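My notes follow the model.

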Amino acid sequence: MLASLQLGSLISPAYACGCGAMVPSRESQVAVDRETSVVGWDGRTEQIVMRLTVRGNAPEAAWIMPVPHRAGVELGDPGLFSELSVLTEPELVTRHYFWPRSHDWPFSVSGNVGDGAAAPSAGAPAVEVVGRERLGPFDVARLAATDPQALQKWLSDNGFELPDRLATALKPYVDQKWEYVAIRLAPRDRGNPLVGTLEPLRLRFASERLVYPMRLSKLASTPQQLGLYVLAAHRMEPSGPIGGEAPEVTYAGRIDPRSAADDTVHLERLTGGKPVYLTAIEQSFPHPERIDGDHELRAADADTPYRRQVYRNELLTVGGVPVWVLSLLTAVLMVVAVLLVLWSRRQRRVPPAAGAAGAPVR
């Protein structure tokens with residue numbers, strides 16, 4: 001039911017960040033340090049909760065998100081992201097070693113240990129505004145478009161200035177009769193640059209398949225890093241690499257948001273408190289220009305659990321004393337004890353010397 005997407009830094013004029021396009025003004029720059037999206041799907045309806053962390057000198061920017069059907073938009077819950085981060089963190093495993101290493105005593109003084117659609121009907125408007133609202137610091141416009149050039153012009157006329165090549169990149173979505181959510185991002189305090197973590201937005205739309213739009217990322221000029229977290233009835237997997245390296249599963253397992261052991265209030269609210277299967281997937285796109293489609297997710301052949309492990313190496317100690325020191329001391333004491341026993345036995349076997357002083361003479 002859920003997925004989360006995380007992406008690395010992206011600076012103008014890349015014009016892309018994950019599932020959408022980030023566009024600043026011509027004279028400014030903006031970087032997306034992190035993009036986190038939570039995608040929920042129940043087989044009929046998909047919802048995306050997205051939060052951006054940005055930096056740069058842009059007083060405002062536009063973000064364009066393609067969606068397969070008409071979307072409703074509202075503010076999201078920031079607490080959801082912290083819960084997902086805890087649920088997917090790797091297991092810490094401690095491994096001990098016997099002999100000291102370069103950072104251990106006596107080598108180190110400190111001793112610290114570290115580690116395709118039909119053509120549009122005649123007479124249909126090129127761009128239809130299906131909704132526009134103000135949500136917190138966001139100006140949100142929901143659009144339906146039949147012509148990418150007309151879409152670009154409408155966005156430009158309404159303060160969303162886009163490069164020409166982005167209109168070309170949007171054409172596959174227009175051909176499939178997808179719609180768009182165009183959002184103007186701006187800081188709460190006017191005059192300040194667009195920096196920090198923005199409030200999350202929640203999109204909800206009908207969808208017969210779990211899909212995360214990625215085509216616009218091919219406009220990126222820097223490598224992309226994708227982290228996808230999926231919560232569904234079963235373990236999920238991408239249908240293909242879509243131009244990147246092979247996806248890697250970093251976590252898979254069933255979770256219960258109602259469990260008292262987990263602080264998952266926001267996740268329980270989003271899933272209705274139902275147990276779900278969590279799959280975490282990571283993927284790299286060293287050459288984003290090779291991205292050739294959107295990410296579609298499907299159920300895996302089996303619900304095999306998996307959890308990534310992070311190893312921490314520590315020197316083996318007892319009561320704070322290295323075991324190798326105790327072992328050496330024990331060995332020395334044993335040698336000394338054996339020598340003392342041998343010396344004592346030898347002393348008892350030596351007879352007194354003949355004619356010693358005080359001995360009787362016959």
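These are my entries, topic by topic.

**Entry 1: model type.** I am working from a predicted model.

**Entry 2: aromatic pairs.** How many aromatic pairs does the structure hold? I found two. I began with Phe98 and Trp99, which pair edge-to-face, with 4.8 Å from centre to centre and 90° between the planes. I then went to Tyr173 and Trp178: their ring centres are 4.9 Å apart and the planes sit at 40°, so this pair is tilted.

Entry 3: Tyr173 is at 0% and is buried. Trp178 is buried too, at 3%. Trp99 comes out as exposed at 53%, since the cut-off for that word is over 50%. Phe98 has 30% and goes down as partly exposed.

**Entry 4: surface patch.** Which residues make the nonpolar surface patch? I noted Phe98, Trp99, Leu316 and Leu328, with about 370 Å² between them. So the edge-to-face pair of Phe98 and Trp99 turns up again in this patch, because nonpolar side chains are joined there within 5 Å. I also checked Leu316, which lies in the loop between strand E20 (309-315) and strand E21 (317-318). Leu316 is partly exposed, with 31% relative accessibility.

**Entry 5: charges over rings.** I looked for arginines over aromatic rings. Arg95 has its charged end over the ring of Tyr311, 4.1 Å from the ring centre. Arg101 places its charged end over the ring of Tyr97, and here the distance to the centre is 3.9 Å.

**Entry 6: helix H2.** Which residues of H2 are buried? The helix covers residues 148-157, and I listed Pro148, Ala150, Leu151, Gln152, Trp154 and Leu155 as buried. A reminder to myself: an α-helix has 3.6 residues a turn, so residues three or four places apart point the same way. Bearing that in mind, I marked Leu151 and Leu155 within the buried set. Just past the end of H2, Gly159 has a positive phi of about 90°.

**Entry 7: Ser207.** Where does Ser207 sit? I placed Ser207 in the loop between strand E12 (201-206) and strand E13 (211-212). Ser207 is buried, at 4% relative accessible area, because the cut-off for buried is under 20%. The side chain of Ser207 reaches the backbone oxygen of Arg209 at 2.5 Å.

Notes:
Residues are numbered from 1 along each chain as its sequence is written. This is a predicted model: local features need pLDDT of at least 70, side-chain atom pairs count only at pLDDT 80 or more; totals for chains, interfaces and linings use all residues. Side-chain values use heavy atoms; hydrogens and water are left out. Patches are made of residues with over 30% relative accessible area and no salt bridge: like charges are joined within 9 Å, nonpolar side chains (Val, Leu, Ile, Met, Phe, Trp, Tyr) within 5 Å. Accessible areas come from the Shrake-Rupley method with a 1.4 Å probe; for residues, only the protein chains shown count as cover. A salt bridge is a side-chain nitrogen of Lys or Arg within 4 Å of a carboxyl oxygen of Asp or Glu. Helices (H or I, at least four residues) and strands (E, at least two) are DSSP runs, numbered from the N terminus. Buried means under 20% relative accessible area, exposed over 50%, partly exposed in between (1.4 Å probe, protein chains only). Rings of Phe, Tyr and Trp (its six-membered ring) pair if their centres lie within 6.5 Å; planes under 30 degrees apart count as stacked, over 60 as edge-to-face and the rest as tilted. A charge sits over a ring if NZ of Lys or CZ of Arg is within 6 Å of the ring centre and within 35 degrees of the ring normal. A polar contact is a pair of N or O atoms within 3.5 Å; within protein, one must be able to donate a hydrogen and the other to accept it, and residues adjacent in sequence count only if both atoms are side-chain atoms.
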